[in-house]
Amino acid sequence: MGPLALHADEAKGYYTFPKLEGEIAPRMMFNGEERLIWSLNNYLGLANHPEVRKADADATAAYGLAYPMGARMMSGNSTNHELLEEELSKFVQKEDTMLLNFGYQGVLSIIDAVVDRHDVIVYDAESHACIIDGVRLHQGKRFVYAHNDMENLEKQLGRATKLAEKTGGAILVITEGVFGMSGNQGDLKGVIELKKKYNFRLLVDDAHGFGTLGKTGAGAGEEQGVQQDIDLYFSTFAKSMASIGAFVSGDKKIIEYLRYNTRSQIFAKSVPMPLVIGALKRLELLQTQPEIKANLWKVVDALQGGLRKEGFNIGTTKSCVTPVILNGTVEEALHLIHDLRENYGIFCSIVVYPVVPKGIIMLRLIPTAAHSLDDVEMTIKAFGAIKEKLANGEYQKNEVADLSLG
Ligand SMILES: Cc1ncc(COP(=O)(O)O)c(C=O)c1O
């Protein structure tokens with residue numbers, strides 16, 4: 001049993017499965033009190049944007065949630081699904097795009113579709129669960145490389161190449177545009193540089209980069225100037241797009257192949273029409289209102305700059321994801337989070353062992369375009385106070401924090 005599960009009864013509803021109520025915004029209700037929220041991947045603040053809300057509501061009134069019925073290939077297609085694919089292709093600078101009903105299943109199933117037992121997968125050690133689980137389905141060999149370590153990747157590519165020569169298979173490299181815990185950007189440039197020496201295809205999961213990075217918001221590939229060299233570009237609608245669904249883009253030939261071979265799409269219902277129309281509206285806003293992304297980065301820069309200035313360790317983030325790394329036990333982490341929520345009115349996510357090493361407490365902040373510079377200031381002040389209390393041993397209590405749920 002993991003440390004949080006040990007306290008499952010006391011923790012449920014507070015540390016785990018909390019309920020954030022009210023409109024999706026920087027300030028929401030938690031346990032009947034207003035809190036400043038830093039844990040939603042609503043990067044561009046679109047979840048509650050009036051034009052988005054109207055597009056979602058109008059499309060739901062017009063179509064209901066059922067339409068179209070069936071899997072895309074059978075009876076679940078529409079002109080709007082195809083239009084969204086065309087618009088996404090243009091936006092991420094790829095020939096073709098396939099919509100996916102969920103990102104997690106999508107990635108898993110793309111990996112499953114593009115390799116067979118003769119092929120070799122080489123993937124980053126800190127990959128998201130959807131990549132890990134996709135790799136698990138693979139019946140051939142796989143090699144993991146140390147996170148973002150290009151020397152180690154080259155070594156694994158050498159091994160993979162030898163093996164692929166024997167089996168007659170090919171090599172698929174998988175990494176992320178932005179790693180959701182550390183905020184590190186995947187070294188896409190470095191990976192692509194290795195294409196000069198090794199023969200492989202590259203799949204990038206850019207869940208956190210799409211909409212937040214690059215000149216136009218097309219993501220980490222655009223930011224690093226290598227978008228054209230990514231063979232399969234994936235992102236979800238669950239973050240910047242503030243919705244449900246996902247997509248994968250690439251050359252026409254491979255996307256057409258995926259349309260007929262991605263089991264999570266062939267054997268499951270297609271994305272409902274209101275989500276498709278809602279995604280078209282969101283994509284339009286991404287393109288026509290660049291000030292939204294500019295606002296996001298104002299908040300990100302203020303938050304990350306302010307935390308660094310106050311001496312906080314925020315790791316090596318190169319994205320909006322803002323980890324704050326402290327030293328302490330799981331028990332201390334629980335008391336600290338309780339104090340932060342109850343006495344400073346701040347709600348953020350907490351990551352403890354086994355996700356991070358023993359003795360590390362990681363608080364994870366997700367700034368959005370909807371936050372203000374006052375929110376940033378209030379947070380940096382509060383973090384200063386809790387850091388001091390942690391250093392003074394004030395969170396070293398044996399019992400789980402009094403949750404004051406009543
Ligand atoms: C890196 C990454 N890939 C994939 C997913 C899964 O996407 P979805 O929520 O659409 O299933 C997530 C989380 O949303 C993610 O962070």
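This is a predicted model: local features need pLDDT of at least 70, side-chain atom pairs count only at pLDDT 80 or more; totals for chains, interfaces and linings use all residues.
**Helix 5 and helix 6**

I started with helix 5, residues 103-114, and helix 6, residues 129-137. How do they pack? I get an angle of about 35 degrees, with the axes 8 Å apart. I also looked up the hand of the crossing, and it is right-handed.

Next I listed who touches whom. From helix 5, the contact uses Y104, V107, L108, I111 and D112. Across from them, helix 6 brings A129, C130, I131, D133, G134, V135 and L137. Sorted by class, the residues of this contact come out as nine nonpolar, one polar and two charged.

**The ligand site**

Then I moved to the ligand. Which residues surround it? I wrote down G103, Y104, H128, C130, E176, D205, A207, H208, T236, A238, K239 and G245. Y104 and C130 turn up here and also in the contact between helix 5 and helix 6.

I checked some polar pairs to oxygen atoms of the ligand. T236 puts a polar side-chain atom 2.7 Å from a ligand oxygen. K239 has a side-chain N or O atom 3.0 Å from a ligand oxygen.

Last entry: how much of the ligand does the protein bury? On its own the ligand exposes 390 Å², and 84% of that is buried by the protein.

Note on methods:
Residues are numbered from 1 along each chain as its sequence is written. Side-chain values use heavy atoms; hydrogens and water are left out. Axes are lines fitted to C-alpha atoms, for helices over the stretch in contact, and angles run from 0 to 180 degrees between N-to-C directions. Helices (H or I, at least four residues) and strands (E, at least two) are DSSP runs, numbered from the N terminus. A crossing is left-handed if the near helix is turned anticlockwise from the far one by less than a right angle, and right-handed if clockwise. Contact means heavy atoms within 4.5 Å. Ala, Val, Leu, Ile, Met, Phe, Trp, Tyr, Cys and Pro count as nonpolar, Asp, Glu, Lys and Arg as charged, and the others, Gly among them, as polar. A residue is near a molecule or strand if one of its heavy atoms lies within 4 Å of it. A polar contact is a pair of N or O atoms within 3.5 Å; within protein, one must be able to donate a hydrogen and the other to accept it, and residues adjacent in sequence count only if both atoms are side-chain atoms. Accessible areas come from the Shrake-Rupley method with a 1.4 Å probe; for residues, only the protein chains shown count as cover.
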